[in-house]
Amino acid sequence: GYARQAPLQRIGRFPLRKLVARTRLTGHLAVLQGTDVIYVIEERAPNQLPLVTDAGIRLPAHRTASGRAMLAQMTGAQLRALYPEPETVRSVRAGGQALTALLHQIRERGFAWEENEVTEGFSSIAVPVLDRAGHAVASVTLTAPNASPVESGGVRGIDDLAAQWLPEVSRCAAEISRRLGAQSGTRQGAQQG
């Protein structure tokens, strides 16, 4: 799956580099393969600790911001093809809310997120990359260290991360989508059905 993504890597590398340069946070481009995401590009921020999500790594889609961004674009039938009982799939390792409820929240908020679920001490936000047919073919993710009371430069939760950087992440995803032939204003947020 990773090797087949060379054209997407070429298209996405420059916009992702610009995102990382503007935010000074780590950015990723990931694709969905079955119920996993495969990270095809990781642009690491200067001086940031290593993450689990290096290029070529596979993780369960429903546990990552990257995967959730793409899953939220699916119809109910598409989601059930991957997860025959999506209401029984839990969003985190130790339980959490049902996948269907989480995807509903993602559609309402307009972005996906995870906090301390992939790499302890880091949070991520993600938005889908759309092709010319309006299908989510990838996602752009931005990952930031969580702030501790004595440090600065980190974020204090998903709302803080989204308030600071969601427009930049959305701009990057829109640029990659445009390069893939998506029309401006292509509708995002599939309906459950």
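Two strands are said to pair if DSSP finds at least two bridges between them, and the legends below apply this to a predicted model.

**View 1**
Of its 193 residues, 50% count as buried, and the protein exposes about 9,100 Å², of which carbon and sulfur atoms supply 51%. Among the contacts with a separation of 6 or more, 59% are accounted for by residues 24 or more positions apart.

**View 2. Pairing of strands β7 and β8.**
Strand β7, covering residues 122-130, and strand β8, covering residues 136-145, pair in the antiparallel sense over nine bridges. Within this pairing, Pro128 stands opposite Ser139 in β8.

**View 3. The open sheet and its edges.**
Six strands form an open sheet with antiparallel pairing, and their order is β3-β2-β1-β8-β7-β6. Strands β3 (58-60) and β6 (112-115) stand at the edges, and because each has a single partner strand, one side of each is left without a neighbour in the sheet. Neighbouring strands of this sheet are turned against each other by 30° on average, with direction ignored.

**View 4. The largest nonpolar core.**
In soluble globular proteins, nonpolar side chains tend to be buried together. The largest nonpolar core here has 48 residues, of which Leu29, Phe111, Ile125 and Val140 touch the most other members. Helix α5 (residues 158-179) gives the most to this core, contributing nine residues.

**View 5. Helix α5 against the sheet strands.**
Helix α5 lies across β1 (26-33), β6, β7 and β8, and runs at about 30° to β7. The buried residues of α5 include Ile158, Leu161, Ala162, Leu166, Val169, Cys172, Ala173 and Ile176, and also Glu168, Glu175 and Ser177. The cover over the buried residues of α5 includes helix α1 (6-23) as well as β1, β6, β7 and β8.

**View 6. The kink in helix α5 and the residue after its end.**
Where in α5 does the kink of about 60° lie? The kink lies at Trp165, shortly before the proline Pro167, and Trp165 is also one of the buried residues of α5. Just after α5, Gly181 takes a positive phi of about 100°.

Notes
Residues numbered from 1 in each chain as written. Predicted model: local features only at pLDDT ≥ 70, side-chain atom pairs only at ≥ 80, totals over all residues. Heavy atoms only, no water. Buried < 20%, exposed > 50% of the residue type's maximum accessible area, 1.4 Å probe, protein only. Contact = heavy atoms within 4.5 Å. Areas by Shrake-Rupley, 256 points an atom, 1.4 Å probe, with all protein chains shown as cover. Core = buried A, V, L, I, M, F, W, Y, C linked by side-chain atoms within 4.5 Å. Helix = DSSP H or I, 4+ residues; strand = E, 2+ residues; numbered from the N terminus. Axes fitted to C-alpha atoms, helices over the stretch in contact; angles between N-to-C directions. Bend = angle between axes of the 7 residues up to and from the residue.
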